[in-house]
Amino acid sequence: MRHVTENNEHVNTARGNDSHEVLGASFRLTDPRQRALFLTSRPVNPVYHYAEALWYLGGLRNLDLIGHYASRRRADSRDGTTIEGSAYGARIFAARPDGAPSEFDRALELLKAEKDSKRAYLPVFEARDLDEIGHPDLPCLVGLQLLARDGYLHMIAYMRANDANRGMVCDVYSFTLIQEFAAAQLGLRLGSYTHHVGSMHVGVRDLERAGRVLEETAASPRAMPLFAAPVMPAHTTWKHIRTVLEHEELLRTNQVQYTPADIAGLDLPLYWRRVLLLFEAHRQVVNCPTEPVDRQLLEALEPGARWQFERRWPTRVATEEVR
Ligand code: 5HM
């Protein structure tokens, strides 16, 4: 964000979204598990982060899940039920209509057959996306590339456009989580994550907020709380993802209410049980508007996610909870 605001090359006004823009921006995360933001000037929604990543992994395009955790995603939909361009998971993870395996499965097969291949590319943007001028939802992600080198799985993301203050925060979170899942499937360690963007921008309406983030990070770069990043278990399988999605749906539709003990009893690794604790906490926020979120549940959350949750819903946790 500092790079865009200090090296602003253009003021872009495409589709009424005025932004300050830099062309051709890239960065690399050497530890893609450090994907979460801990800034008081830029609260994030940890529930949405996992919801979006799971929505992608589930290969879904309908709004039920994603629209529940971020109602603004409904604006991307033309028919009120599905998302076209930015439903990246439907392009990467869904089986093809002819029954052929998903892009993702084929890319993994390719990497198993030739370990150091340069071909494991997962295209998202398609030629047909250019058919309609003024399309309301064109994919911003062009594609993801997986590269296995020396026992590590690296990922490169290619984006045509990215909003550094908004979309990027969620995109980097989801794509690196997908990378970590792919590394687990291949039995590789998590490598680096490189993010390449054609148009990197910050909206004019967000410049003030961006300024506050830059102030916070410049004034005290070490003031951000340090939480050990949770590590996705290497034995994570598609069965775990499906189980998490099944419970997420039950919680989202308020068909179940879970205590921490209920979740502790599920046949899932701790990492994924803690994701379900977040969905239960969110269920309480939505369905129990007059009650604070259960304290024991908050205590059972992964510590970094708890820090974010308490800042995202400060009025829904007892005041002494927000340290
Ligand atoms: O006019 P255009 O289609 O490029 O507008 C899309 C806006 O959403 C841009 O600001 C783009 O950078 C942002 N965006 C993002 O940053 C959108 C999506 C959804 O595809 C995304 N990241 N994942």
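Predicted model: local features only at pLDDT ≥ 70, side-chain atom pairs only at ≥ 80, totals over all residues.
A polar contact is a pair of N or O atoms within 3.5 Å.

**Entry 1: ligand contacts**

I looked up the polar atoms around the ligand. A polar backbone atom of C140 is 3.4 Å from an oxygen atom of the ligand. I also found a polar side-chain atom of Y88 at 2.6 Å from an oxygen atom of the ligand. On the side chain of D171, an N or O atom lies 2.7 Å from a nitrogen atom of the ligand.

I then asked how much of the ligand the protein buries. Taken alone, the ligand exposes 510 Å², and the protein buries 76% of that.

**Entry 2: the shell around the ligand**

I listed the residues around the ligand; among them are R15, S86, R160, N162, G167 and H201. Which elements give two or more residues to this shell? I found β5 (152-163) and α6 (167-186). The largest share, 4 residues, comes from β5.

**Entry 3: the annotated domain**

I consulted the UniProt record, an unreviewed entry, which annotates residues 1-218 as "domain: Thymidylate synthase/dCMP hydroxymethylase". In the model, this span is 33% helix and 24% strand. I noted that its end C-alpha atoms lie 12 Å apart.

**Entry 4: aromatic pairs**

I searched the whole structure and recorded 17 aromatic pairs. F38 is in the loop between β2 (19-29) and α2 (46-57), whereas W307 is in helix α12 (residues 303-312). The pair thus links distant parts of the chain, 269 residues apart. Are these two residues buried or exposed? Both F38 and W307 are buried.

I next examined F104 and W238. Their ring centres are 6.0 Å apart and their planes are at 90°, so this pair is edge-to-face. F104 belongs to helix α5 (residues 103-113) and W238 to helix α8 (residues 238-252), so the pair ties together parts that are 134 residues apart in sequence. F104 has 0% relative accessibility and counts as buried, because buried means under 20%. W238, with a relative accessible area of 24%, is partly exposed.

**Entry 5: a cluster and two charges over rings**

I recorded one aromatic cluster formed by Y50, Y173, Y271 and W272. R35 lies over the face of Y173, 5.6 Å from the ring centre. Elsewhere I noted the charged end of R312 over the ring of W313, at 4.5 Å from its centre.

Technical notes
Residues numbered from 1 in each chain as written. Heavy atoms only, no water. UniProt positions renumbered as here; feature names shortened; annotations may be inferred. Phe/Tyr/Trp six-rings, centres within 6.5 Å; stacked < 30°, edge-to-face > 60°. Buried < 20%, exposed > 50% of the residue type's maximum accessible area, 1.4 Å probe, protein only. Lys NZ or Arg CZ within 6 Å of the ring centre and 35° of its normal. Near = heavy atom within 4 Å. Polar contact = N/O pair within 3.5 Å; in protein donor to acceptor, adjacent residues only side chain to side chain. Areas by Shrake-Rupley, 256 points an atom, 1.4 Å probe, with all protein chains shown as cover.
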